[in-house]
Amino acid sequence: MALQAAGRRSLVDTVVDALRAQLAAGEWTVGSRIPTEHALAEQLEVGRNTVREAVRVLVHAGMLRSRQGEGTFVVSTADPGDIMRGVQRAGIRDVLEVRIALEAEAARLAALRHEPADLARMRAALDAQTDLADAEGQPHADQLELYADHDIAFHRAVVEAAHNTALTATYGWFSSSVREALVSALDDRAMPRILHGDHRAVMDAIAAGDPEAAERATRALLEKPKRAVEALLTDD
């Protein structure tokens with residue numbers, strides 16, 4: 001099938017879409033090797049350089065993996081970019097549920113694997129956040145985003161203290177959604193206030209090397225806003 005670039009889209013973009021569609025349709029299963037550049041170029045009636053660039057795009061997107069001397073293999077038939085865009089549109093409750101799953105395990109691992117520098121980053125983020133709080137422990141209206149940034153820095157420090165590369169990468173992709181949800185919650189009077197004591201309980205359990213207490217403290221911290229959201233949804 002001959003492909004033609006449409007409008008401002010390049011031929012490479014068109015080939016990327018064609019290959020992505022074939023992956024999504026199950027033309028090649030996860031773990032299988034896709035056809036050679038030459039075969040794909042003949043199939044799509046484009047140059048081999050165009051196919052090579054399109055394959056590089058999908059390797060970068062995490063759908064394909066190239067192995068020197070062996071070929072290119074399918075890693076995922078779903079575009080991680082599409083998945084992450086769906087996550088970014090998820091509601092606050094969805095975000096909190098995923099946070100509990102990721103952060104509770106991260107805190108448990110952090111209690112077992114943390115290093116002094118990890119604890120220093122947690123303390124620095126928490127201290128910076130506390131400095132922005134008013135007498136009631138809440139951020140001023142014009143500092144919500146900066147306050148949220150410090151909160152995210154604390155939670156990222158906890159995740160990074162787990163020293164699990166996959167977990168850190170996953171949370172990194174997800175953190176923009178966490179920040180969006182957090183800023184929305186900070187601006188909503190119906191949502192519970194952030195309690196610095198709850199955060200310190202997580203940090204103290206990690207510092208003490210108590211994985212069960214660290215997981216429990218993390219769940220307790222995040223269950224409060226989740227319950228508030230569920231109550232609001234029920235009222236609606």
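Mentor: A salt bridge is a side-chain nitrogen of Lys or Arg within 4 Å of a carboxyl oxygen of Asp or Glu. The model under discussion is predicted. With that criterion, Asp-127 and Arg-200 form a salt bridge through their side chains, at 3.2 Å from N to O. This pair joins distant parts of the chain, for Asp-127 belongs to helix H6 (residues 116–131) and Arg-200 to helix H9 (residues 196–207), 73 residues apart. Asp-127 is partly exposed, at 37% relative accessibility, and Arg-200 is likewise partly exposed, with a relative accessible area of 30%.

Two further pairs lie within single helices. In helix H5 (residues 92–113), Arg-108 and Glu-105 are three residues apart and therefore separated by about one helical turn. Their side chains meet in a salt bridge at 2.7 Å, N to O. Arg-108 has a relative accessible area of 26% and is partly exposed; Glu-105, at 32%, is partly exposed as well.

In helix H10 (residues 211–235), Arg-219 and Glu-215 are four residues apart, so about one helical turn separates them. The salt bridge between their side chains spans 3.4 Å, N to O. Arg-219 is partly exposed at 35% relative accessibility, and Glu-215 is partly exposed with a relative accessible area of 24%.

Salt bridges also occur as a network, which links Glu-37, Arg-48 and Arg-52. Across the whole structure, the search finds 15 salt bridges.

Definitions and conventions: Residues numbered from 1 in each chain as written. Predicted model: local features only at pLDDT ≥ 70, side-chain atom pairs only at ≥ 80, totals over all residues. Heavy atoms only, no water. Helix = DSSP H or I, 4+ residues; strand = E, 2+ residues; numbered from the N terminus. Buried < 20%, exposed > 50% of the residue type's maximum accessible area, 1.4 Å probe, protein only.
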